[in-house]
Structure formats: C-alpha cells, structure tokens
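Biologist: I'd like to learn how to read a protein structure. Could you walk me through one?

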Amino acid sequence: MGKQTNKSGSHFGGEWTIQKLHIIEEYLKAYATVLKNQKIKKIYVDGFAGSGTTELKHDNRKNRDNNTYIQQSMLDESNNSTSSKTVQGSALLSLKYDFDEYYFVELDQNRISDLKNAIKLQFPQKYSKVHFIAGDSNVKILEIVSKITVYDRCLMFLDPYALELNWKTLEAISKCCVVDLWYLFPLSLIRLIEKQRKISESNKHIVSSILGTEEWLDELFVKSEQINIFDEDNDDIYGRIDYESILDYIKSRFATIFPYVSPETKILRNEEKNSPMFMLCFMMTNTSQRAQQLASTLVKSIIKSTEKV
Ligand SMILES: C[S@@+](CC[C@H](N)C(=O)[O-])C[C@H]1O[C@@H](n2cnc3c(N)ncnc32)[C@H](O)[C@@H]1O
C-alpha cells in the first residue's frame, strides 16, 4: 500500500516509519526504566527484526522545523527535493536499553548478516546477549515463548511488511502471561474485504488467518434495508460497515485472547496520499489491574507525543 522499494529490494519508509520507531523507542525506554531494579529476566523479542537500519525517503520541501526527530535522525543532507536517509531500526534501538536477552527473528539471511555486522560495530558489548534467529516468525516465536517463564518479563515488537503474521502466533503469545506486545497491524487487509460481500475464497482464507475467525463475514457486513425476500442469499445485498467500525472490530478480536488491549492506537499513514497503512496496537498478557493501568497511561502519552514527531 503505497510502499516503494529501494535498489536492494527493501521497502522505503517515510514519516510513518519515524512515528513507529518513536513509539517503540519511548516504550522500550520506559519499560527498561520501570524494571531496572527488579530481579527478573528482561527479554526483548523483535519478530520481524530487519537489517538494523531503515531507509527513509524524505520530502525536503516540507517545513523541517516541525520535525525535530527527523532532523536528529537523518544521517545525511541533500539539496534535492527528495532524499533518502538511513535511521536505526527497532532491533538496534532496543540495544540502547537494558535487557538480559534479545531475540531477533528475521526470514531473510542477508538481513540477519547485516544486523549481526551492525551490532558488532555499534553494540559489541551486547552481542553475546543477542539470539539471532533465521526463519519464519510464525514458527520461531512459538519456540521463543515456550521458553519464557513467569519469572521473566518480555517486551515484543511485531513489525511485518504486510499480512505475514498468523493468528495462531498471536494466540501462542497470548498464552505467555508476561508479554507486553506492540503489533503493527497491516490495514492492507481491509482492501481484501470488498465493499460488497463478493470476496474470493483465497481472500476469505487470508482474512480469516489474520483475524483468527470466519465470523468476520457476518460481523463486518450489514444487510441493505431495501431487499426483497428473493435476494436473501445474494452477497450484493450486504454492505461493508464503516472504516472506524472495522478498526474497532480488529481490536475486539485481539481482546478475545489478550486480557488487555489498548483502546488507543496509532494509525500510520502514507504521507503522499494520506491513506492509512498500519494500525500500531498495544496489548498485554498481564492480568494485574495495576500493571494494565500503568501501561494504559504510558501508551496514551506516548501515542500523543507522536503529534510533535
Ligand atoms: C518492516 S520490516 C522490519 C523493520 C524493522 N522492525 C526495523 O525497524 O528496522 C519487516 C521484516 O520482516 C521480514 N520478514 C518478512 N516475513 C517474515 C516472516 N514470516 N518471519 C520473519 N521475518 C519476516 C522481512 O525480511 C523484513 O526484514
């Protein structure tokens, strides 16, 4: 959805990437600070770790006074109307904060190698704490969560490009009672849910594997008021509910398996078209009311702070 690729085949990011990384870094910082003196194992899991860096395309004509984070993050300058810049991605950002173990899962071998090299160079003292895991997150995360105990605390970030994360993986995470999770939910899913209920079987299958149910076909469509009895079985008479209600439905799906799902989310938009690309969602498996209250206040204030980013 509006993403371009650079010469190496990676996707270019934009201002939405800066907002995403800002939220993750602020939460990493707060999480590590709160747990600083507690005698528990602190674990960070990055399920779609990338290469360590992200290339951004930036419109130099925009008023940069409003964008201090970009100004600080950019590694080079250009007089052209657009330029590409490189910033640290989520895996490298996490190494700035104190965790006992880091798990970086990545499907692409070249990106894992780049990530290893970047860590050797920038965080050599942390290298021995990192588990580099090559493979599909939908398999590898199941193995990681099976090792996490109630005496640990785990912060996890799932940042797929698109529709790569299966519901079954979320289910496995939700059963591990010490996880705080940020999930960058791909709103490209909504394009598969056409406005009239004429959806191909393959698209139905994809949507169900992401939402973990087939009930969405009933929940996301309403019958037109002007129908006659002979039309009852015709998909044409069903119209899709409005966009906001679909977003609420997605959050309500998470709430079927996570004890806490933040009502506050950050919608990340393609800045050229202003179209929604992702919904950055927070959820946690901790059932303590106090922990949920603390996280809720923090998440709200971090999301609000992206207005200045
Ligand atoms: C959006 S990028 C991650 C960016 C990274 N979080 C950052 O901030 O730099 C998504 C990454 O997921 C990887 N990927 C795609 N499908 C995957 C899968 N099934 N399991 C693990 N990694 C996958 C891609 O190779 C890509 O590097």
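Biologist: Great. What should I know before I start?

Modeller: This is a predicted model, so to speak a computed one: local features need pLDDT of at least 70, side-chain atom pairs count only at pLDDT 80 or more, and totals for chains, interfaces and linings use all residues. Residues are numbered from 1 along each chain as its sequence is written, and side-chain values use heavy atoms, with hydrogens and water left out.

Biologist: How many helices and strands does the protein have?

Modeller: Helices (H or I, at least four residues) and strands (E, at least two) are DSSP runs, numbered from the N terminus. Here there are eleven helices and twelve strands.

Biologist: And what share of the residues is buried?

Modeller: Buried means under 20% relative accessible area, exposed over 50%, and partly exposed in between, with a 1.4 Å probe and protein chains only. In this protein, 51% of the 309 residues are buried.

Biologist: What about contacts?

Modeller: Contact means heavy atoms within 4.5 Å. Take the contacts with a separation of 6 or more: 73% of them are between residues 24 or more positions apart.

Biologist: On to the ligand. Which residues are closest to it?

Modeller: A residue is near a molecule if one of its heavy atoms lies within 4 Å of it. The ligand has 18 residues around it, and Ser90, Glu106, Arg111, Ser137 and Asp159 are the closest. Sort that shell by type and you get five nonpolar (Ala, Val, Leu, Ile, Met, Phe, Trp, Tyr, Cys and Pro), six charged (Asp, Glu, Lys and Arg) and seven polar (the others, Gly among them).

Biologist: How do I spot polar contacts there?

Modeller: Look for a pair of N or O atoms within 3.5 Å; within protein, one must be able to donate a hydrogen and the other to accept it, and residues adjacent in sequence count only if both atoms are side-chain atoms. The side chain of Arg111 has an N or O atom 2.8 Å from an oxygen of the ligand, and the side chain of Asp136 has one 2.9 Å from a ligand nitrogen. For Thr54, a polar side-chain atom is 3.2 Å from a ligand oxygen. On its own, the ligand has 600 Å² of accessible area (Shrake-Rupley method, 1.4 Å probe; for residues, only the protein chains shown count as cover), and the protein covers 92% of that.

Biologist: Tell me about Thr54. Is it buried or exposed?

Modeller: Thr54 is in strand 2 (residues 53-59), and it's buried, with a relative accessible area of 18%. Setting aside neighbours within four places in sequence, Thr54 touches Thr17, Lys85, Thr86, Val87 and Gly89.

Biologist: And Ser90, where is that?

Modeller: Ser90 belongs to helix 3 (residues 90-94), and at a relative accessible area of 4% Ser90 is buried. Its side chain makes a polar contact of 2.7 Å with the side chain of Asp46.

Biologist: How do I read the sides of a helix?

Modeller: An α-helix has 3.6 residues a turn, so residues three or four places apart point the same way. In helix 5 (residues 137-147), the buried ones are Ser137, Asn138, Ile141, Ile144 and Val145. Looking down the axis of helix 5, these fall within an arc of 120° (taken from the directions from the helix axis to the C-beta atoms), so they line one face. Exposed Ser146 and Lys147 sit on the face turned away from that buried side.

Biologist: How many residues of helix 6 are buried?

Modeller: Six of its eight, which makes helix 6 mostly covered. One of the buried residues of helix 6 is Leu170, at 1% relative accessibility.

Biologist: Last one: what does phi tell me?

Modeller: Most residues other than glycine have a negative phi. Asn274 has a positive one, near 60°, and sits in the loop between strand 11 (266-270) and strand 12 (275-284).
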